[in-house]
Amino acid sequence: MKFSYSIIAIALLVATAVYAQNLAAQNLSAASAEVNVYSTRKPQLIQPMFDEFTATTGIDVNVVFAEKGMLEKLRSEGVNSPADLIFTADIGRLSDVKNAGLTQAIQSTALDSNIPASMRDNENHWFGLTSRARIIVASRERITDGGVTTYEDLADPKFKGLICTRSGKHAYMVALTAAMIAHHGIERAEQWLAGMKSNLARRPEGNDRAQVKAITQGVCDIAVINHYYMYKMLADPKQKPWADAVRVIFPNQNGRGTHMNISGMAMTKHAPNRDNALKLMEFLASEKAQQMYAQLNGEYAVKQGIPLADSVKAWGDFKRDPVNLTEVASYRRAASKMADRVGYDD
């Protein structure tokens, strides 16, 4: 009898231990239903998509917004970094993180089918989520319709003292210069950048919206900006007069097409929540999230067939430069040095 009681006692102890182990595993699983994001994008641009993902999956998205220093932060944290994903705008920033050895390759049928090859890394380290056109805007009053139609026109001496841009060292301008190198080579691209510098109305300053404001103030007549800033200004009562005062121009429509850049994502090399991170990546490339990007931010979705926001749709369809962004990224260092050589910001 004592032997039987001993067997029963042992069995109960084992069962209790197994139950406790399973419960601990469930609690751990519940506690780890999260994904950690480092982002340089402004919170209002991406938080709605993260909230929708959490509502759909139950997976929390923890976001650290860091406009500057994200690469250095990841590098200093090393294998102990809590970050699973990075989100940023501009091919250059995505390329920098990859080249620093801080990302990993991802194999996903959903990402491959929803994101065109030209909008993702050829080694599957980064993936575009939205695209943006680098457009020209011109004063409706002082520049005739058709007066400027290409990026190359910006270097024409007839526009001397009429152009405003942000810094030639800013990521958006560096990407455009890199695209010019991809199409024209170093020598011709440098001639173009020097020509545009000589046409500046003022030393480069401010963001893209500031360039449009400068046109309404009569400081300059022509500027180069990302298209979605026009979308945002049109929706802002204070800034709408700025947007209404300029004409939207998609450059190089009779040639290669308008330069496109991206906002995108990459999984970190040591992602502690890899499975959840992949679920978030695939959700953001899905039809639902892509529609949100288009309607809330006025950006162009990378997934085909997503409707445009009304004010963006009003500008009409346009030809896009098909150059692969990986090639553009490869010329970024040369483009940045070129801005220094021509003294663009001086």
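Trainee: Which residues is asparagine 261 in contact with, leaving aside its neighbours within four places in sequence?

Mentor: This is a predicted model, in which local features need pLDDT of at least 70, side-chain atom pairs count only at pLDDT 80 or more, and totals for chains, interfaces and linings use all residues. Residues are numbered from 1 along each chain as its sequence is written, and side-chain values use heavy atoms, with hydrogens and water left out. Taking contact to mean heavy atoms within 4.5 Å, and leaving aside neighbours within four places in sequence, the partners of asparagine 261 are Asp90, Ile91, Thr130, Ser131, Arg132 and Ala175.

Trainee: Is asparagine 261 buried or exposed?

Mentor: Asparagine 261 has its place in strand 8, residues 260-267, where helices (H or I, at least four residues) and strands (E, at least two) are DSSP runs numbered from the N terminus. Buried means under 20% relative accessible area, exposed over 50% and partly exposed in between, with a 1.4 Å probe and protein chains only. Because its relative accessible area is 5%, asparagine 261 is buried.

Trainee: Why does glutamine 304 count as exposed?

Mentor: Glutamine 304 is found in the loop between strand 9 (300-301) and helix 12 (310-313). The residue counts as exposed because its relative accessibility is 66%.

Trainee: What is the volume of the largest pocket?

Mentor: On a 1 Å grid over the protein atoms alone, a pocket is an open set of points with protein on both sides within 12 Å along at least five of seven lines, and lining residues have an atom within 4 Å of a point. Grid points are joined across faces, edges and corners, and a volume is the space filled by probe spheres set on the points. The largest pocket is lined by 24 residues, with Thr40, Glu67, Arg93, His170 and Tyr172 nearest its centre, and its volume is about 740 Å³.

Trainee: Which helix gives the most to the lining of the second largest pocket?

Mentor: The second largest pocket holds about 440 Å³ of space. Of its 17 lining residues, the closest to its centre are Ser95, Asp96, Asn99, Ala329 and Arg332. The element that gives the most to this lining, with five residues, is helix 4.

Trainee: How much space lies in the largest cavity?

Mentor: A cavity is a set of points where a 1.4 Å probe fits but cannot get out, and a search of the whole structure finds one of 30 Å³ or more. Among the residues that line the largest cavity are Leu74, Thr268 and His270. The space in the largest cavity is about 50 Å³.
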